[in-house]
Structures are given as structure tokens and as C-alpha cells.
Amino acid sequence: MSARKASKKKIQSRSGVEEPNYRKCAKSGCPAERPECFADGVESCCGNGYTSRWYHVSDGEHFCNECFDHYYRSHKDGFQAYEQWKKDWNSNSQHEGNLKMFMAERILPYWVKCCDCGKWRQYPLTEGDLSTDIVESWTCRSYRKLKKKSEDDKVENNLCNGDEDERVQHCHSGYWYEGLGYTPLLKFSPTASLVASYFLDGVGLSPTDNNWEDTNVKEKLEQAEVRPFFHPDSDDGIAFCFRPDVMEEEELKQFPEFGRIQNRFLALRNLILTLWSLNYKQILTLDQCVNHLILRGLARISIIPQLERVLRYLTVKGYINYGILQSTPYISFPISNACTSSHVIVIGAGASGLGTAKQLHNFGMKVTVLEARDRIGGRVCDETIEKVTVGKGAQIMNGCMNNPMAVIVKQCGLTMKCIGDKCDLLEEDGKVIDMETDERGDFHFNALLDAVADWRKQSDTDCSLGDKLLEIHKMFLDQTATDFAEPSERLLNFHLGNLEYACATTLEHVSALSWDQNESFPQFQGNHTVLTHGYATILQRLAEGLDIHLGAEVTSIDYSTKTISVSTRDGRMFIGDKVVVTVPLSLLKSEIISFTPPLPTKKTDAIKRLGAGLIEKVILSFPECFWGKCSAKTGTFGHIPNSKDTRGFCGIFYDLSPKNTSDKQKKTSHVLMTVLAGNAAIEAQKMEDKEIVDRCLKLLKSMFPNETVPDPLKSIVTRWGKEPFSKMAYSYVAKDGNGEDYVTLSEDVEKKVYFAGEATNRQFPQTVTGAYLSGVREACKIHTDLEEETQS
């Protein structure tokens with residue numbers, strides 16, 4: 001584009017010849033020898049000629065004093081536009097608007113990149129605002145189409161041959177951003193409606209050019225059960241919710257240059273998280289982010305390298321671009337290739353091992369997974385019974401909101417069945433507990449837990465949770481003289497049995513001080529669901545493309561030299577740069593893997609203190625659904641035990657039967673799953689399958705006396721306590737232990753040996769999600785450590 005002709009003030013030189021007079025930009029460090037006004041607001045605009053004062057917007061972008069007067073002086077034609085903008089700005093901004101910000105927000109030209117030649121061009125001021133659609137399709141030929149017919153003869157036949165503006169190369173320099181005279185703010189961002197509770201300029205968005213009342217984005221994310229940003233008016237600690245107005249501690253460490261003006265970083269981070277949340281079924285690339293990076297001026301070009309850094313950081317951390325996604329010849333993960341020569345060995349092909357391996361594989365590293373079993377999945381093991389997928393291990397997801405595993409379920413195109421919060425509770429004689437009694441029992445149980453929470457605020461001496469609850473319960477009865485009848489006692493035992501199910505052990509083994517330590521961290525909220533296709537299907541998808549060796553039981557790890565040697569029972573040896581141990585806590589306790597040199601005492605002490613819990617499952621299929629009325633609303637019903645001795649045996653039943661696809665179609669599969677917890681799980685280790693099934697069937701017949709309870713068509717009894725490569729279900733905080741033991745177990749050893757698994761995740765222990773996230777965490781640590789080693 002040719003420069004606009006401007007009048008120039010002439011002065012007399014010593015030789016008597018008139019020479020043009022130009023004024024440099026007065027801002028210190030600005031390289032502009034002969035600035036050109038971008039505003040062109042009035043006929044008297046100096047263009048690239050003389051003005052009494054230049055107003056510096058950036059190195060390469062200025063407006064003249066004549067254009068300043070045009071908008072700033074109340075008697076000038078442009079004043080009304082400036083005043084209206086200022087009114088709109090101040091009503092939605094935490095900082096008062098000024099003329100320089102107005103010029104940057106409304107007058108400064110956009111820059112757009114040609115999709116053919118890749119050169120940056122100035123977008124014509126006459127064409128209004130830039131949009132994502134224009135950015136995605138703009139070429140130099142687009143400029144030709146915008147020219148008036150009378151100017152066609154002035155346009156080159158191939159505009160792509162034209163030189164790129166020299167200011168573009170200058171704004172790529174690292175110090176260009178320091179010369180900015182304003183804070184660039186994003187326009188028309190999809191993030192705006194999600195952060196409407198905040199001042200938009202505080203989160204890096206323009207207060208005047210964003211639609212924060214648009215509900216389309218918010219509705220899409222609500223349907224997807226994703227909430228990327230914290231809402232001060234409604235949220236109560238949802239996991240994976242970011243404060244859109246504040247950088248997190250790790251972000252400040254990684255991006256210290258943004259510490260003083262955080263909204264520059266926040267705008268980019270929030271945009272990336274929004275775009276990922278809107279479409280987590282494909283890799284989010286830099287180009288996609290740039291298409292939504294709408295702001296005026298050369299800052300749009302200069303900010304792209306920063307956008308790329310933030311995108312790479314969020315990818316490595318596992319906040320975006322995780323799950324079953326795979327790169328293609330056309331789309332790849334936005335990760336540097338500095339670590340592609342490294343070899344990482346992952347021990348265990350459960351959720352944590354596959355999570356680690358998948359991330360590292362996507363980062364471009366060589367990964368070898370060693371699994372002792374003849375299958376992948378670890379403590380996830382699904383089976384089909386009467387065409388229904390049943391999880392012998394995990395099958396329930398507690399809280400889908402922001403849950404990465406829920407995202408992966410949707411990436412796989414699978415479905416989940418919601419579980420209601422309340423369920424019918426049945427006595428062993430078939431009587432259904434009335435709502436008033438149920439609510440009274442629930443209140444008393446929660447009051448006991450609240451009393452434990454109050455007690456531990458004043459105590460440093462641990463005891464078992466079971467003893468403390470019994471003590472408080474007796475104290476309540478003594479002080480209130482309450483007649484706690486047998487039905488109420490049985491109902492309390494139901495709740496205590498359910499708590500033993502949650503802890504995977506008897507309450508006598510659980511720490512009263514730290515049993516629920518993870519509740520001090522944000523947790524996943526939303527629907528609790530049953531995965532109708534099981535977790536194993538998801539893990540199979542995660543395993544695609546990975547180098548997995550089945551039947552490779554690891555017996556020793558030698559990390560005494562620079563490279564690490566991993567030996568298996570059948571005599572094979574694998575050599576790597578890093579190793580990730582994801583075996584269950586019970587196997588670390590039994591020391592079936594030897595470490596050379598031995599693990600630090602701090603870690604082995606944590607291994608000893610943490611508890612390895614156990615539950616078992618009983619799964620029964622029937623020719624008819626005799627329990628239908630009890631599970632119709634919530635998909636579950638509970639069994640109230642007759643005494644403390646029987647609590648934990650089939651305390652809750654889950655209806656795994658598939659939903660009817662139509663009113664005319666009848667269910668042909670009727671499946672119940674129940675749990676053995678606490679002492680019942682321990683006793684089950686000594687019982688035969690038939691004995692357990694018969695006892696369960698006898699219980700169901702007593703609970704449904706008015707129904708004909710047939711013999712099961714098929715039954716499954718799990719044996720996790722005897723499974724040689726598990727020997728447990730999930731971890732718990734044992735008496736005299738605490739949440740720090742999870743942290744200690746997660747720490748690497750000499751940046752060579754890393755640990756993952758649900759027992760290494762303090763925030764989300766005991767869950768498949770927690771196991772998967774621990775693998776993502778270790779992948780991030782390994783990538784970071786390898787980059788630092790490469791740079792050093």
C-alpha cells in the first residue's frame with residue numbers, strides 16, 4: 001500500500017535550499033525517525049510530515065497533535081465519538097479511559113496475515129472491524145477486491161509479491177513490547193460472557209468491544225459440563241476452575257515478565273482455555289488460537305510468540321490437549337521437540353501409566369510401557385454380562401464437572417448414566433425407611449462428622465476415626481438423653497458402612513485427623529455417573545499407538561548410573577533415561593520391586609504409613625427386574641444392616657441395566673452390582689464365590705418379600721485382595737498418617753525415578769481420575785526436567 005501524501009512544513013537550510021522538516025518521536029528509545037500518523041482523523045492530519053507533537057502508541061505507531069485535537073477538544077467534530085466511548089468504557093472498566101486508549105481501541109488499524117504468502121498486511125480502515133472469519137480466509141487478493149473500480153489499475157497483479165512492512169519485522173524483536181504505550185486488550189473474545197462477573201480490562205478484554213451478555217458460549221459449556229473459570233457469585237471450589245483475573249503461582253514462576261501487568265497473560269490463557277472447552281475433541285493449535293486473537297495494531301503480531309508459549313505451557317501441564325487425541329501429518333501438538341531423543345520407561349499399564357505414556361508420546365518422546373498382567377487396565381477390569389458392561393474394578397465417576405475423564409468419555413463418543421443423590425433405603429425385612437427418618441439419620445451422621453472436624457481443630461494427637469465417631473455418638477446420647485432406638489442405630493450403621501466403602505477399610509484403621517484431607521482442595525462437582533461402557537474402553541483408546549509389553553513383571557530398577565536399567569522376571573532388561581513407577585501401593589509395601597540404590601527413607605516411611613484399602617464387588621444378572629420400583633429414580637438402593645457385624649455386606653446396590661431406548665422396547669438385561677466393604681471385604685477373602693452369592697441372594701429375598709426373586713443367570717465375585725498385581729482397591733489415610741504422605745510418595749528420586757498412581761495424588765486419591773491426573777503430572781515433570789537438562 002502506498003503512503004498517503006501529506007503536506008510538509010518547509011524551512012530554509014544554510015545553503016538557501018528549502019528542506020522538509022520532520023519531528024522525531026520524543027519517547028525515549030523509540031526508533032521512529034519519521035513517524036506517520038495512523039489516525040488520518042482530519043484534513044489537517046500531518047501524515048508523515050511535521051506536527052508539533054507525536055503521541056507514541058508503540059514503536060511504529062503514532063498519531064499527530066492535529067488528530068489529538070480532533071478527538072480531544074470539545075469543539076471539534078471527533079469529540080462526541082470520544083466522549084461516548086469513554087462513557088461506555090468507564091462503566092465496565094476498572095481503569096479510567098483516556099484518549100490514547102481510545103485511539104488504540106477504535107482508530108488504530110488491524111493487521112492480518114495473508115493465508116497464501118504468509119506476509120502481514122494492514123487491514124483497510126474503511127472495512128471496519130476484523131473478525132475470526134476474515135482472519136481464517138484473508139489473502140492479499142482480498143485487498144484487491146476491496147479496492148474501488150477506479151483504483152483497479154493501480155493495484156499490482158500479484159499483491160503477494162509486495163514487500164512486507166518493515167515495522168512487522170521490528171515488532172518481532174523481544175524488546176518491542178516494552179515500547180508499548182498502552183495495554184492491548186482482546187476484542188470479540190469468546191471468553192467475555194464467561195468472565196462477566198469481572199472487570200473486562202482486568203482480564204485482558206476490551207470493555208467496549210466484547211459481548212459479555214452473549215449466552216451461547218456459556219450454554220454450550222454447561223451442556224458439556226465444563227466450567228473453566230471461577231465465578232465469585234456461585235462457585236464453591238470446583239476443581240480445575242481458574243481465576244480469570246489472577247495468575248496462579250506456577251504461572252508467575254513460568255512467566256515472570258507478566259507479573260507486573262498480569263492481564264496481558266490472562267487474556268491469552270483465558271482465550272486458550274475457552275477455545276479448548278468449546279471443542280476438546282480435537283487438538284487446539286496455535287493457528288486456531290491466532291484466528292480468535294482479535295486486537296488492533298502491531299501488538300497483534302507481537303503477541304503471537306507469547307500466545308504460543310502460553311499454549312505450550314497449558315499443553316504440557318495437561319490442562320488442554322489431553323486424552324485420546326493423536327497428531328496427524330497436518331495437525332500436531334504445540335510442543336517443542338527438544339526431548340524427542342529421550343527414552344522413558346513406564347511400569348504399569350493402568351490409568352496412571354497410560355496417562356503418563358500417552359502424554360509423553362504426544363510430546364514426541366520414545367516411551368515403553370511394561371505391564372505384568374496379560375492385559376492393560378490395572379485395577380480397571382471390565383466384563384460383559386448379559387450384554388451389559390460391568391466394572392469389576394472402577395465404574396463410577398464422582399463429579400463430572402471439569403473432570404478430565406468425563407472429557408475423555410466424550411472424546412470417545414461414549415455415554416454415562418447419572419446416579420441420583422438420594423436412594424431408597426430398605427430394612428432386611430423389606431420395609432422402606434420413610435423420608436423423615438432418613439433425613440434425621442442423615443443429619444445425625446453428618447453432625448458426627450462435623451464434630452470430628454471441630455475436634456481436630458484443637459487436637460494434634462491422632463486416633464482411629466471409628467473410635468472418635470463412637471466416642472462422640474455416646475457423648476451425644478449421654479448429654480441429650482436421646483432415645484436412640486434400634487432403627488436409628490441400624491440406620492447409623494448403614495452410613496458408617498458407606499463410609500467404610502469410601503475409605504476401603506474398617507473405620508478402626510482410618511485416621512480421624514486426616515481421613516478426608518483431600519476435601520480441603522477443590523473437588524469435581526456435578527453429576528455422579530456410571531460409565532455404561534466401562535473405563536476399560538477408555539483405557540484401550542489411551543493405549544492406541546503406545547509400545548506396551550504385556551507379561552513384563554518388573555523385579556528391579558537400577559538408577560545408580562546415568563541411564564536406568566529395568567529388569568523383568570523373565571530375564572529381559574530395558575534401558576531408559578527416566579522411569580515412572582505406577583504400581584499399586586500394596587506392591588510398594590511388599591517390596592516386590594527392588595531399587596538400587598534403595599529408595600529414600602522419607603519415601604519408604606510414607607509408603608508404610610499410607611493404607612492399602614480393599615473392597616470387593618458382587619455382580620448378578622437376573623431374568624427380570626424385581627427391584628425396579630426402588631431404583632427407578634436414582635439407579636441405586638441401599639440395604640440397612642441388622643447390626644454392626646453385618647454392615648458393609650451389600651450396603652448399596654447399583655442398577656446397571658441399560659435404559660430403554662423406547663417405550664415399546666423392553667429390557668432384556670437386568671444387572672445388579674453391590675459392594676463388600678469393611679470387615680465384609682476381609683471376610684470375603686476366606687469365602688467361596690457361591691457362598692457369597694448365596695448370602696447376597698438370601699439378603700435380596702428378605703429385602704423384597706413381596707417379589708419373586710429368581711436365581712441369578714450369571715454372577716461375578718471380584719478377588720482384588722488375591723490378585724497378585726493389585727492386592728488392594730484404593731488407598732486411604734491410616735491412623736497416624738496424613739495427606740503429606742501422598743505428596744511424599746509422588747516426589748521423584750534424583751530426577752530419574754518418578755511415581756504415579758492414585759496413591760500419589762493428594763487432591764484426588766482413590767479414583768481413576770486421580771490416577772490419570774497423576775500420570776499427566778509426571779509427564780509434565782519429566783518434560784520439564786528433560787528440557788532443563790538439554791539447555792544445561
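**Exercise 1. Which residues lie nearest the centre of the largest cavity, and how is its lining made up?**

Step 1. The largest cavity is lined by 14 residues. Val 226, Phe 240, Trp 276, Ser 277 and Tyr 319 lie nearest its centre. The model is predicted: local features need pLDDT of at least 70, side-chain atom pairs count only at pLDDT 80 or more, and totals for chains, interfaces and linings use all residues. Residues are numbered from 1 along each chain as its sequence is written, and side-chain values use heavy atoms, with hydrogens and water left out.

Step 2. On a 1 Å grid over the protein atoms alone, a cavity is a set of points where a 1.4 Å probe fits but cannot get out; lining residues have an atom within 4 Å of a point. Grid points are joined across faces, edges and corners, and a volume is the space filled by probe spheres set on the points.

Step 3. Give the volume. The largest cavity holds about 180 Å³ of space. In the whole structure, the search finds five cavities of 30 Å³ or more.

Step 4. Sort the lining. It has 11 nonpolar residues, three polar and no charged. Here Ala, Val, Leu, Ile, Met, Phe, Trp, Tyr, Cys and Pro count as nonpolar, Asp, Glu, Lys and Arg as charged, and the others, Gly among them, as polar.

Step 5. Assign elements. Helices (H or I, at least four residues) and strands (E, at least two) are DSSP runs, numbered from the N terminus. α9 (263-278) and α14 (404-411) each supply at least two lining residues. α9 gives the most, with three.

**Exercise 2. Why does the largest cavity lie between domain 2 and domain 3?**

Step 1. Take the bounds, which come from an automatic or database domain assignment. Domain 2 is 111-144 + 176-317, and domain 3 is 341-383 + 396-417 + 531-610 + 734-791.

Step 2. Both domains give residues to the lining, so the cavity lies between them.

**Exercise 3. Which element gives the most to the lining of the second largest cavity?**

Step 1. This cavity holds about 110 Å³. Its lining counts 15 residues, with Gly 497, Asn 498, Gly 648, Gly 651 and Ile 652 nearest the centre.

Step 2. Two elements give two or more residues each: α17 (486-503) and β24 (649-655). α17 gives the most, with five.

Step 3. By class, the lining divides into seven nonpolar, seven polar and one charged.

**Exercise 4. In what order do the strands of the three-stranded open sheet stand, and which are at the edges?**

Step 1. The order is β11-β14-β12, with antiparallel pairing. Two strands pair if DSSP finds at least two bridges between them.

Step 2. β11 (396-398) and β12 (416-419) are at the edges; each has a single partner strand, so one side of each is left without a neighbour in the sheet.

Step 3. Neighbouring strands are turned by 30 degrees against each other on average, direction ignored. The axes are lines fitted to C-alpha atoms, and angles run from 0 to 180 degrees between N-to-C directions.

Step 4. Check the bridges. Three of them pair β11 with β14 (residues 528-531). Ile 396 has Val 530 as its bridge partner in β14. Four bridges join β12 to β14, and Cys 418 is partnered by Thr 529.

Step 5. Read the faces of β12. Lys 417 and Ile 419 point to one face and are buried. Buried means under 20% relative accessible area, exposed over 50%, partly exposed in between (1.4 Å probe, protein chains only).

**Exercise 5. What pairing does the four-stranded open sheet have, and where does the cis peptide bond lie?**

Step 1. The order is β18-β17-β16-β20, and the pairing is mixed. β18 (573-576) and β20 (594-596) stand at the edges. The twist averages 15 degrees from one strand to the next.

Step 2. β16 (residues 554-558) and β20 run parallel, joined by three bridges. Ile 557 stands opposite Phe 595 in β20.

Step 3. The cis bond joins Thr 596 and Pro 597, with omega about -5 degrees. Pro 597 lies in the loop between β20 and α20 (601-609).

**Exercise 6. Is Glu 591 buried or exposed?**

Step 1. Glu 591 sits in the loop between α19 (585-590) and β20. Its phi is near 55 degrees, a positive value in a residue other than glycine.

Step 2. Its relative accessibility is 60%, so Glu 591 counts as exposed.

Methods. 1 Å grid on protein atoms, 1.4 Å probe; cavity = no way out; pocket = protein on both sides within 12 Å on 5 of 7 lines; lining within 4 Å.
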